[in-house]
Amino acid sequence: MRAVILERFGGPEVLRIHGVSDPTPGVAQVRVRIAATALNRADVLQREGRYPPPAPKPGDILGLEFSGTVDALGPGVTAWKPGDRVFGLLGEGGYAEQVVTHERMLMPMLPGMSFDDAAAIPEVYFTAYDALVDRARVEMGEAVLIHAGGSGVGTAAIQLARAMGAGRLLTTVGSDAKAWRCLDLGADRAINYRTETFEDVVMAETGGKGADVIVDFVGGPYAQRNVNAVRTMGRVILVGLLGGARGEIDMTTWFVKRVSLTATTLRARPLEQKIALTQRFIEKLLPLFGDGRLRAIVDRTFPLDQVADAHRYMEENRNFGKIVVRCQ
Ligand SMILES: NC(=O)c1ccc[n+]([C@@H]2O[C@H](COP(=O)([O-])OP(=O)(O)OC[C@H]3O[C@@H](n4cnc5c(N)ncnc54)[C@H](OP(=O)(O)O)[C@@H]3O)[C@@H](O)[C@H]2O)c1
């Protein structure tokens, strides 16, 4: 099969197509013919060699999600048959024509769902669900601020917060064009962080109380600013470090407000936990794609042999939602 190999750590040019052996499914594993995969910001960090363990090494195949058709079954698999349309999360290996994964990591595609849309769903919705439901425990009517609203995870989190019955739903973005699109997704107010100070807008929008929940992808530079913008006994969930890992907090402000600071990561979790997340996604979130409350936001598609261009596009922050790569 053809696969994009990480030849060494570096710029987008280190991602090159090679011919490699077809993978063979083992016990309880399924081989999928991949129709599409999608990019995640983690792919860029992994390519640069800046991703924390468990990190890929030169010679590996990146790619954290896929859609496609079941192609071959390993011993003991009874839940799937060749030709089934499936999608799911991966630890690696999505930038290829085939992948082998555990049978319980597969999710059935809904009738009418396209391969492009299905590939764009797993990583960002699993992450948004973990942040908003498992960590933040958002309740009906609560004011939620989602940073980087135009990111893949941001577009998922805005929709999910709306579906959960959040109250005032605020987001930050770096352009007015992205701001308009976030309003379309269900945000009440999109704050252009280049022209507005988000803490001021959050206070104005919440009657001076602050947000109940903040989902942050920026990290260091927003550490203190998030504590300033959250309400007393509010929750700040750290999901990414786009702005850097180091920041300072005046602990008096955290202390006085009794703020909960927590974080989520997906990739480092053991297989059993990822299977549990997959099964819960099928039960809780998949139906919301069926009734239209949630949807995949695909910005652009690239062919597999242009995956380096897809990385450049993401690094220039040009995408709103997901960048999909077609693998056949
Ligand atoms: N914890 C987990 O398990 C997990 C899972 C998935 C993703 N993540 C993290 O979540 C974040 C988003 O991932 P993604 O794949 O959805 O990203 P993405 O689609 O590449 O979007 C990132 C967007 O964030 C904004 N941005 C970039 N740098 C920024 C900065 N310094 N300050 C403010 N905004 C900035 C840009 O939009 P603007 O034009 O609006 O600036 C950019 O388009 C990443 O940090 C990623 O590592 C974590």
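Mentor: Let's begin with a term: the radius of gyration is taken over C-alpha atoms, and the globule rule is 2.2 Å times the number of residues to the power 0.38. Keep in mind that this is a predicted model.

Trainee: What radius of gyration does the chain have, and what would a compact globule have?
Mentor: The chain has 328 residues, and a compact globule with that number would have a radius of gyration near 20 Å. Its C-alpha atoms fill a box of roughly 60 × 40 × 35 Å along the principal axes. The chain's own radius agrees with the globule value, as it is 20 Å.

Trainee: How many helices and strands does the chain have?
Mentor: Both kinds of element are present, so let me give you the counts from the N terminus on. The chain has 11 helices and 15 strands.

Trainee: What share of the contacts with a separation of 6 or more joins residues 24 or more positions apart?
Mentor: For background, 45% of the 328 residues count as buried. Among contacts with a separation of 6 or more, the share from residues 24 or more positions apart is 68%.

Trainee: How are helix 3 and helix 4 oriented to each other?
Mentor: Helix 3 covers residues 122-135 and helix 4 covers residues 152-163; their axes come within 8 Å and cross at roughly 55°. Angles of 65 to 115 degrees would count as roughly perpendicular and those under 35 as roughly parallel. The crossing is right-handed. The two helices are therefore oblique.

Trainee: Which kinds of residue make up the contact of helix 3 with helix 4?
Mentor: On the helix 3 side, the residues include Val124, Tyr125 and Leu132, and on the helix 4 side they include Gly152, Val153 and Leu160. The residues of this contact divide into 11 nonpolar, two polar and no charged.

Trainee: Which residues does the cis peptide bond join?
Mentor: Look in the loop between helix 1 (41-48) and strand 4 (65-73), where proline 54 lies. Omega is about 0° for this bond, and the residues joined are proline 53 and proline 54.

Trainee: Is alanine 148 buried or exposed?
Mentor: Alanine 148 is found in the loop between strand 8 (144-146) and helix 4, and its phi is near 50°, a positive value in a residue other than glycine. A residue needs 20 or more other C-beta atoms within 10 Å to be buried. Alanine 148 has 26, so it is buried.

Trainee: How many other C-beta atoms lie within 10 Å for asparagine 317?
Mentor: Asparagine 317 sits in the loop between helix 11 (307-315) and strand 15 (322-326), with a positive phi near 60°. Asparagine 317 is partly exposed, and the number of other C-beta atoms within 10 Å is 14.

Notes
Residues are numbered from 1 along each chain as its sequence is written. This is a predicted model: local features need pLDDT of at least 70, side-chain atom pairs count only at pLDDT 80 or more; totals for chains, interfaces and linings use all residues. Axes are lines fitted to C-alpha atoms, for helices over the stretch in contact, and angles run from 0 to 180 degrees between N-to-C directions. Helices (H or I, at least four residues) and strands (E, at least two) are DSSP runs, numbered from the N terminus. Angles under 35 degrees count as roughly parallel, over 145 as roughly antiparallel, 65 to 115 as roughly perpendicular and the rest as oblique. A crossing is left-handed if the near helix is turned anticlockwise from the far one by less than a right angle, and right-handed if clockwise. Two residues are in contact if their C-beta atoms, placed from the backbone, lie within 7 Å. Ala, Val, Leu, Ile, Met, Phe, Trp, Tyr, Cys and Pro count as nonpolar, Asp, Glu, Lys and Arg as charged, and the others, Gly among them, as polar. A residue is buried if 20 or more other C-beta atoms lie within 10 Å of its own, exposed if 12 or fewer, and partly exposed in between; C-beta atoms are placed from the backbone.
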